[in-house]
Amino acid sequence: MNIDNATSLNMPVLPLRGLVVFPKTVLHFDVGRKKSKNAINFAMKQDQYVFLVAQKNATVKDPKRDDLYSVGVVAKIVQVLKQPDDVTRVIVEGLYRAYISECVENEKCIFAKVEKVDEECESQTAHEIALIRQLKALFENYTRLAPKMPADILFKVALCKNGGELADFITANINLDYQDKQSILNTIPITDRLEYLIELLSEEMYILEIENEISEKTREKIDKGQREYFLREQKNIIEAELGEDDNPTSDADNYRDKILALHLPEKSEDTLLKECKKLARMPFGSQEVSVIRAYLDNVLDLPWNISTQDSFDLSTIRKTLDKHHYGLDKVKERIVEQLAVYMLNQNTKGNIICLVGPPGVGKTSIAQSVAEAIGRKTARIALGGVHDEAEIRGHRRTYIGSMPGKIINAIKTAGSNNPVLVLDEIDKVSSDYKGDPASALLEVLDGEQNNSFVDHYIDIPFDLSKVIFITTANDASLIPPALYDRMEIIELDSYTREEKFQIAKKHLIPKQIKECGLNGKIVKFSNKCVYSIIDYYTKEAGVRTLERTIAKVLRKVAVKYIDKESENFSISDKNLSEYLGIKKYTLESIEKKNEVGLVNGLAWTSVGGTLLPIEVAIMPGDGKIILTGSLGDVMQESAKTAISCIRAHSKELGINPDFYKKYDIHIHAPEGAIPKDGPSAGITMTTAIYSALTMRPVKRDIAMTGEITLRGRVLQIGGLKEKSMAAYKSGVKKVYIPKANLPDLSEFDKVVLDNIEFLPVESFKEVIVDATDDFIIPKKKYDSLLITKSDSKNSPNIRQ
């Protein structure tokens, strides 16, 4: 059959996977699919013509009409060769373009009616000639970049004059995706085909240029590495021959491999690699070798890429904190809030928490409990007595015996880059001529800066932004202002009597019983016994002495148990003295009767609240003011303010305005060896002065606290929770507090609120009317202190 003149033919279809055949090209390919073999066999039995068309998706195993492109090539099968594994190799020659007009599918193979595509036969235009020349020039440049091209292809391209044939031939012999080759096959107009091929070839050349650049750089790098390896091996052999087996070069190679494995930032990596090169050049026996090795060991021991997985479960965190600590609700709530925010946004730069409170209230241990609750590692840094900046930032390597600072050492000890670091006793950092450690801590505790903390010894940035910092302090006033500003202060109050009891029963006693090798069946503590230990053998804000006292009891129990004096021991308040001796302290108690010039004040100390009686005595004299009892400057000023307040309101109070001229006033705070200071005893001293001047006794079961002003106003004070507990323990029934302190009542223990009446006041007049009784001493003895009957007509009396 003559197909050259035929425009429509019926023939078998051979789908090609990832392959496009062009007219006037000869190529071979392997056939393995059954339908494809059937199509070849059918063609060989007829006229050896077959329609070759590419699949749209090369992964389809049994293609249908929709899986095939429309345009393909009518080809003649030149040769069929049988190959192993049931594979047939076919050599074909492409004849001309054609497209499928109708398609018939059956179980054996696909048959189609194909229509010949008429190629343009018009004479070439100038535009086409220009495109042909441009394509040939472009292909010539392509052959310089592409793998070695056969000479016959170059020769045929040079001789080809027809634009369509040139485009088809070049497309068939360059490295393009089969989709791009199919696009060329689909393009019938010759100029369009040439333009499209020029565009594809330009893109391919650009890619080849980049590949060649990459290949060249890689080759140069490999050549340089091989040269260095060869020279290094020669050096190692020479050193081995000289008996210098322990040479720095092999160590440098090991360090280099470890540094590259860390994938540090470029600048940090370059710094460390320079140290490796320096180490490799060091002569055998050089003292500098050990210095460089120590530096690299310290750097590589840091957990640059090691993080612990957080287990944020708020219910678990709350249970963990409650398990290890009784009370401290405010602290626990703030910690849970911070962790909840971190759960929602792990990139947040949270505030640094500073726990401020007296010794022994659990500041350090609660910080460590936080780490346990969230599954992070922890390390503690003791800052007490630190006075050298280098202890924070590290020593520079120019000094002998230099080492990293406490921050980097703590990170290395923790073994992860996101631990919980506890900076203990931050208020006890001091400074001298060696520098100011507090200033060095500014960068560490600033969330905007600590992502690139540079230790003087390490000398490369380390990211501290993932670290949770919790600091502790006993006195917030001693923290430098700049450092104080970077932290959120959470105050931990001293434990109340009830809190100490619960801590002892739930934590301290079980812990010490276990540490002493005993158990709950051998020894038991009664509730009254625990209260007695708290009241009569300890006097502290925390529970450290309480724990030591319990341990002292248990040690004596252990001795008796070993001596087989008994199998079971019951410790009660009645036999407690057998283990601890006589009572060390006595409970503060109020007076047995109402007294003139004696008022119960309330004070806050480092070991909690305490009752502070204020005594005032009026004596004939020349107006001196005597202040005793180790009063501080603020308290002395408060006493003078109280006297001036009484003088300013003397007529209204029924007191002779000239009392200060003929009488001395002596104000005393008992326990004179204990220093006292602060303004909160102002209302107490004012009431005591008024009582002494008017001879009105003050009720024995009341107490008061508040700062006094010249106008008689009672101002807000602090530490009211601890003061209220002291009042409760002393048997006080009524406490006068500043009205501004009324919100503090929400934090008081329920037992205190149930037993004490709290009266908020704004003026001292409200206090003296309610707190004092009528006269009990005859007036005539103190007439000069009081306003006469004639004067009283013109002077209002506050008690009328």
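In which loop is the place of D85? D85 sits in the loop between β4 (71-83) and β5 (87-105), and the legends below describe this and other views of the chain. The model is predicted: local features need pLDDT of at least 70, side-chain atom pairs count only at pLDDT 80 or more, and totals for chains, interfaces and linings use all residues. Residues are numbered from 1 along each chain as its sequence is written, and side-chain values use heavy atoms, with hydrogens and water left out.

**Figure 1. The chain as a whole.** The chain contains 28 helices and 24 strands; helices (H or I, at least four residues) and strands (E, at least two) are DSSP runs, numbered from the N terminus. Its radius of gyration is 48 Å, whereas a compact globule of 800 residues would have one near 28 Å. This radius is taken over C-alpha atoms, and the globule rule is 2.2 Å times the number of residues to the power 0.38. Along the principal axes, the C-alpha atoms fill a box of roughly 155 × 80 × 65 Å. Of the 800 residues, 46% are buried, where buried means under 20% relative accessible area, exposed over 50%, and partly exposed in between (1.4 Å probe, protein chains only). Among contacts with a separation of 6 or more, 73% join residues 24 or more positions apart; a contact means heavy atoms within 4.5 Å.

**Figure 2. The loop between β4 and β5.** Two residues of this loop are shown, D85 and D86. D85 is not a glycine, yet its phi is positive, at about 60°. D86, also not a glycine, has a positive phi of about 60°. D85 is exposed, because its relative accessible area is 75%. The relative accessibility of D86 is 60%, so this residue too counts as exposed.

**Figure 3. Helix α12 and its surroundings.** Helix α12 spans residues 363-374, 12 residues in total, and reaches 18 Å from its first C-alpha to its last, close to the 16 Å expected at 1.5 Å a residue. The expected span of a helix is 1.5 Å times one less than its number of residues. Because nine of its 12 residues are buried, α12 is largely enclosed by the rest of the structure. Just after α12, G375 adopts a positive phi of about 75°.

**Figure 4. Helix α24 and the residue that follows.** Helix α24 (residues 682-694) has 13 residues, and its first and last C-alpha atoms are 18 Å apart, close to the 18 Å expected at 1.5 Å a residue. The helix is mostly covered, with 13 of its 13 residues buried. M695 follows α24 and has a positive phi, near 60°.

**Figure 5. S452 in a loop, and its contacts.** S452 belongs to the loop between α15 (437-444) and β10 (453-454). With a relative accessible area of 34%, S452 is partly exposed. When residues up to four places away in sequence are not counted, S452 touches E443, P461 and F462. The C-alpha atoms of S452 and L464 are 7.1 Å apart, and the two residues are 12 residues apart in sequence.

**Figure 6. A603 in strand β16.** Strand β16 (residues 598-605) contains A603. This residue is buried, because its relative accessible area is 15%. A603 and S680 are 77 residues apart in sequence, while 7.4 Å separates their C-alpha atoms.

Figure 7. E211 is placed in helix α6 (residues 190-241) and is partly exposed, with a relative accessible area of 45%. From E211 to L145 the distance is 9.4 Å, C-alpha to C-alpha, and the separation in sequence is 66 residues. D270 lies in helix α8 (residues 266-281); at 35% relative accessibility, D270 counts as partly exposed. The C-alpha atoms of D270 and I259 are 9.6 Å apart, and the residues are 11 residues apart along the chain.
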